[in-house]
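This briefing sets out selected features of one chain, for reading alongside the sequence and the coordinates. The points below are grouped by topic.

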Amino acid sequence: MDTADSGAHVAAALWLMEACCATDGWMVGKRKAPKRGKRTPIGDRVQFLMMMDPDVIADIKQVGIEEHRAAWDIMEQAAREFLKRRRGKRASQPSAD
């Protein structure tokens with residue numbers, strides 16, 4: 001066996017070991033559920049892409065850091081408060097009938 005063949009075997013063995021073994025070196029049987037972090041949405045939320053001014057985004061991220069909250073949580077709270085105020089304004093306006 002020449003050096004090129006043994007290098008290929010070593011590379012294949014390393015790939016197989018990475019593919020089949022967990023980080024602690026044991027074969028993967030049961031995987032632990034990933035730990036929920038503050039960025040992981042709770043419940044059945046879906047993604048929503050929006051565009052904003054970069055300064056607003058930076059301010060939202062800064063608030064998230066200060067309050068130990070995810071940006072999506074801050075934006076969801078702001079949207080709920082906006083919609084609540086908007087509903088209140090629409091209910092207090094007289095109808096055009």
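In this predicted model, His68 counts as exposed, with a relative accessibility of 63%, a value that falls in the exposed class because that class begins over 50%. His68 lies in the loop between α2 and α3, and its phi is positive, at about 55°, although the residue is not a glycine. Most residues other than glycine have a negative phi.

**Overall make-up**

- The chain has three helices and zero strands, and its elements, read from the N terminus on, run α-α-α.
- Of the 97 residues in the chain, 5% are buried.
- The accessible surface of the chain comes to about 9,500 Å², and carbon and sulfur atoms account for 59% of that surface.

**Packing of α2 against α3**

- Two packed helices are described by the angle between their axes and the distance between the axes.
- For α2 and α3 the angle is about 110°, and the axes are 9 Å apart.
- The two helices α2 and α3 are therefore roughly perpendicular to each other, because angles from 65 to 115 degrees are placed in that class.
- On the α2 side the contact involves Ile60, Val63 and Gly64, which meet Ala71, Ile74 and Met75 in α3.

**Salt bridges around Arg69**

- Side chains of opposite charge can pair when their charged atoms come close, and a search of the whole structure finds four salt bridges.
- Arg69 takes part in a salt bridge with Glu67, at 2.8 Å from N to O.
- Arg69 also forms a salt bridge with Asp73, where the closest N and O atoms are 3.1 Å apart.
- Arg69 itself is partly exposed, with a relative accessible area of 22%, while Glu67 is likewise partly exposed, at 42% relative accessibility.
- Asp73 lies in helix α3 and is partly exposed, with a relative accessible area of 27%.

**Salt bridges around Glu76**

- The side chains of Glu76 and Arg45 meet in a salt bridge, with an N to O distance of 2.9 Å.
- Glu76 lies in helix α3, which spans residues 71-92, whereas Arg45 lies in the loop between α1 (3-20) and α2 (54-67), so the pair ties together parts that are 31 residues apart in sequence.
- Arg45 is partly exposed, with a relative accessible area of 38%.
- Beyond this pair, Arg45, Glu76 and Arg80 are linked in a network of salt bridges.

Technical notes
Residues numbered from 1 in each chain as written. Predicted model: local features only at pLDDT ≥ 70, side-chain atom pairs only at ≥ 80, totals over all residues. Heavy atoms only, no water. Helix = DSSP H or I, 4+ residues; strand = E, 2+ residues; numbered from the N terminus. Buried < 20%, exposed > 50% of the residue type's maximum accessible area, 1.4 Å probe, protein only. Areas by Shrake-Rupley, 256 points an atom, 1.4 Å probe, with all protein chains shown as cover. Axes fitted to C-alpha atoms, helices over the stretch in contact; angles between N-to-C directions. Parallel < 35°, antiparallel > 145°, perpendicular 65-115°, else oblique. Contact = heavy atoms within 4.5 Å.
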